[in-house]
Amino acid sequence: MTIPNNFILITGPCSIESYDICATVADKLAFLQQQHPEVTIIFKSSFDKANRSSINSFRGVGLEKGLEILATIKKEFNLLAVTDIHEPSQAKPVAEVVDILQIPAFLCRQTDLLVGAAETGCAVNVKKGQFISPWQTQNIVDKLEASGCQDIFLTERGSSFGYHNLVVDFRSLPVMAATGARVIYDAGHSVQLPGAMGTQSGGQAEFIQPLARAAVAVGCNGVFIEAHPNPTEAKSDGANSLPLAELSGFLETLLRIREVTNSCVETQKNVVVEEKPLATSSY
């Protein structure tokens, strides 16, 4: 299916920890979807987090159980869903359940994975690698389009800035939009501190909301944010997750900014700029 061309909110717990936690989040998302029909809200959670810092880190519930939970969430709460894939062999079975296949940032250049995802006919969201420039995402889009994908998303999630740190260059949003893909801003992973805690990543959650506001003001098609009922107890990426209780206010703020920004853009389109002669010096 083609994802509706509305403002998009992709959110959910980073990793599928249990059906109960997913259902708690999905119930909130279903309520928000009723309150904001102008927004496309997509449930996100991963059945496997294959790039954890430590061999001992929680990875998820696995492919079979994960897809079972995602299918149930979609049916019970009438939500669209997205999840990560890490290998080409996962593309087809996952595409039979979810609406968007997501390519993790570290795998954004893996041609076989991109081709496998595109060939399913499913929409594909690619996280821009922390190690590539926004201009290089054109190569990603070319690979997907050449393989038949017709609904492409690119997600900005920050760029490496020294050790254990990421920064966001907001020029990336219009640059990636020029590829023709829809651009999503990942508000949580952009404030991640990769590997900063030794066996796990840290994060600066206090910057989630201000940077998300900036991204919407610059112009993006949607925002990605991992939300959890209790981030301090999350088994993955709790340090850069938004508390579920704050999600409603977060969305309301972004929509107000988007409304003002779009209004300003439309006004600027109608402004006639008259050519004036250069001023001459009185000296």
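Predicted model: local features only at pLDDT ≥ 70, side-chain atom pairs only at ≥ 80, totals over all residues.
Q: What makes the contact between α4 and α5?
A: Helix α4 brings Thr-111, Leu-114 and Ala-118, while α5 brings Ile-140, Lys-143 and Leu-144. By class, that gives four nonpolar, one polar and one charged residues.

Q: Which residues of α4 are buried, and what do they pack against?
A: The buried ones are Leu-113, Leu-114, Gly-116, Ala-117 and Ala-118. They pack against α3 (88-95), β4 (100-103), β5 and α5.

Q: Why is Gln-130 called buried?
A: Its relative accessible area is 8%, and the cut-off for buried is under 20%. Since 8% lies under that limit, Gln-130 counts as buried. You can find Gln-130 in the loop between β5 (123-127) and α5. Leaving aside neighbours within four places in sequence, Gln-130 is in contact with Ala-105, Phe-106, Arg-157, Gly-158, Ser-159, Ser-160 and Leu-166.

Q: How do you know whether Asn-78 is buried or exposed?
A: Again, compare the value with the cut-off. Asn-78 has 70% relative accessibility, and exposed means over 50%, so Asn-78 counts as exposed. Asn-78 sits in the loop between α2 (63-77) and β3 (80-84).

Q: Where is His-164, and what is its phi?
A: His-164 belongs to the loop between β7 (159-160) and β8 (166-167). His-164 is a residue other than glycine with a positive phi, near 60°.

Q: Why is His-164 called partly exposed?
A: The relative accessible area of His-164 is 45%. Buried would need a value under 20%, and exposed a value over 50%. The value of 45% lies in between, so His-164 is partly exposed.

Q: What makes Leu-254 buried?
A: With a relative accessible area of 1%, Leu-254 falls under the 20% limit and is therefore buried. Leu-254 is part of helix α8 (residues 247-269). Setting aside neighbours within four places in sequence, Leu-254 is in contact with Ala-212, Arg-213, Val-216 and Val-223.

Q: How many residues apart in sequence are Leu-254 and Ala-212, and what is the C-alpha to C-alpha value in space?
A: They are 42 residues apart in sequence and 7.6 Å apart in space, C-alpha to C-alpha.

Q: How many residues does the largest nonpolar core have, and which have the most contacts inside it?
A: The largest nonpolar core has 67 residues, and those with the most contacts inside it are Phe-43, Leu-101, Val-126, Leu-144, Leu-247 and Phe-250. Helix α1 (residues 19-35) gives the most to this core, with seven residues. Apart from this core lies another, of 11 residues, including Leu-80, Ala-123, Phe-153 and Ile-184.

Q: Which residues does Leu-247 touch?
A: Not counting residues up to four places away in sequence, Leu-247 touches Leu-9, Thr-11, Leu-29, Leu-32, Ile-225 and Leu-242.

Notes. Residues numbered from 1 in each chain as written. Heavy atoms only, no water. Contact = heavy atoms within 4.5 Å. Helix = DSSP H or I, 4+ residues; strand = E, 2+ residues; numbered from the N terminus. Nonpolar A, V, L, I, M, F, W, Y, C, P; charged D, E, K, R; others polar. Core = buried A, V, L, I, M, F, W, Y, C linked by side-chain atoms within 4.5 Å. Buried < 20%, exposed > 50% of the residue type's maximum accessible area, 1.4 Å probe, protein only.
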